[in-house]
Amino acid sequence: FHLESMAYSSMAFDIGQSTRCVAIPNQMKVCKDVGYSEMRLPNFLGHSNLEGEVVPRSEDWRPLLQTGCHPQARAFLCSLIAPVCLDTFVQPCRSLCVAVRDSCAPVLACQGHPWPEALDCDRFPAEDDMCISPYEKFSHFAKDLPKPACQNCPSMEEGPAMKTVLDAFCHHDFAVTAKIHRRRLPMGEPEFEVEGRVEFIRQGPLLPYDTQHLLQQWLLINLRCANVLVRPGRSQLFVLTGFVQPDGTLALARLFPWHKKDANIAVATRKWKHHRC
């Protein structure tokens, strides 16, 4: 993973040097549907070799972009790695960089990487220049949805006692069952996904239409937690319990792998339906 290797000097890019326009190649999936078809080389990170640098380096960003950390993260990154081919150089505005950094740097840190020096927001133009600015406001209802965040890994317990599971249902805001799949070779697809439907044992503040996506984004942000849950190429059913914090962030607290032989989980689920706490 080469995000750290974006040297600061590479962005001290000489706008006077000769540039050329090339088609954005098909294998550069990160920037393929970004709204324009031709990019300028060298790009704003100083890369001039399409196959050797630009395409492989663009792939380094995919795990971050798959988390959905900011609605304009892809537009911001592609404006640097695959700048649009116009008569003038169009950089992202400083305000766009700050908005993306504030949302995505914590996710990058969760994945074990610092925010790269080459993306230091101070180097981008302040407003008024011709630059790519952030949208005014994103959908207002999005702020009310529970959202995933980086967290300490929840505890995982194999073959729990019935009372342990029932206590988890009682003491947490929500409890769901979800089947987590880990791809053996994630060729551009997210490494982890939630397969099939999420079933609610205790719905709490979760929304039926958003919970599968919410859990999947949680897995992609908290990769170090996800890595211990399932082996590559396998799927595993889990009971997941946790809280939604006052600021709307999801915090998973306890995970129980549900194997066929785990009668205790089945009993706890039935008891909860009939007696509650």
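Analyst: In this predicted model, Arg 183, Glu 189 and Glu 193 are linked in a network of salt bridges. The structure holds nine salt bridges.

User: What makes the pairing of Lys 163 and Asp 167 a salt bridge?

Analyst: The criterion asks for a side-chain nitrogen of Lys or Arg within 4 Å of a carboxyl oxygen of Asp or Glu. The closest N and O atoms of Lys 163 and Asp 167 are 2.8 Å apart, and therefore the pair qualifies. Both residues belong to helix H5 (residues 162-171), where they are four residues apart, about one turn of the helix.

User: Why is Lys 163 called exposed, and why is Asp 167 called partly exposed?

Analyst: Exposed requires over 50% relative accessible area, and buried requires under 20%. Lys 163 has 56% and is therefore exposed. Asp 167 has 26%, which lies in between, so Asp 167 counts as partly exposed.

User: How do you know that Arg 182 and Glu 191 meet in a salt bridge, and which class of accessibility does Arg 182 have?

Analyst: The N to O distance for Arg 182 and Glu 191 is 3.0 Å, and because the limit is 4 Å, this is a salt bridge. Arg 182 has a relative accessible area of 11%, which is under 20%, so Arg 182 is buried.

User: Why is Thr 269 called buried?

Analyst: Thr 269 has 9% relative accessibility, under the 20% limit, and so counts as buried. This residue lies in helix H8 (residues 263-275). Not counting residues up to four places away in sequence, Thr 269 touches Phe 169, Ile 201 and Trp 258.

User: How do you know what domain 1 and domain 2 bury between them?

Analyst: The domain assignment gives domain 1 (20-123) and domain 2 (147-274). The contact takes eight residues from domain 1 and ten residues from domain 2. About 730 Å² is buried between the two domains, with 59% of this area given by carbon and sulfur atoms. In domain 1, Gln 66, Thr 67 and Cys 110 lose the most area to domain 2, together 67% of what that side buries.

User: What polar or charged pairing is found between domain 1 and domain 2?

Analyst: Three residue pairs are in polar contact across the interface of domain 1 and domain 2, whereas the count of salt bridges between the domains is zero. Helix H4 (residues 94-110) supplies the largest share of the side of domain 1 that touches domain 2, three residues. By class, that side has three nonpolar, four polar and one charged residues.

Conventions. Residues numbered from 1 in each chain as written. Predicted model: local features only at pLDDT ≥ 70, side-chain atom pairs only at ≥ 80, totals over all residues. Heavy atoms only, no water. Domains from an automatic or database assignment. Contact = heavy atoms within 4.5 Å. Buried area = accessible area lost by both parts, 1.4 Å probe. Polar contact = N/O pair within 3.5 Å; in protein donor to acceptor, adjacent residues only side chain to side chain. Helix = DSSP H or I, 4+ residues; strand = E, 2+ residues; numbered from the N terminus. Nonpolar A, V, L, I, M, F, W, Y, C, P; charged D, E, K, R; others polar. Buried < 20%, exposed > 50% of the residue type's maximum accessible area, 1.4 Å probe, protein only.
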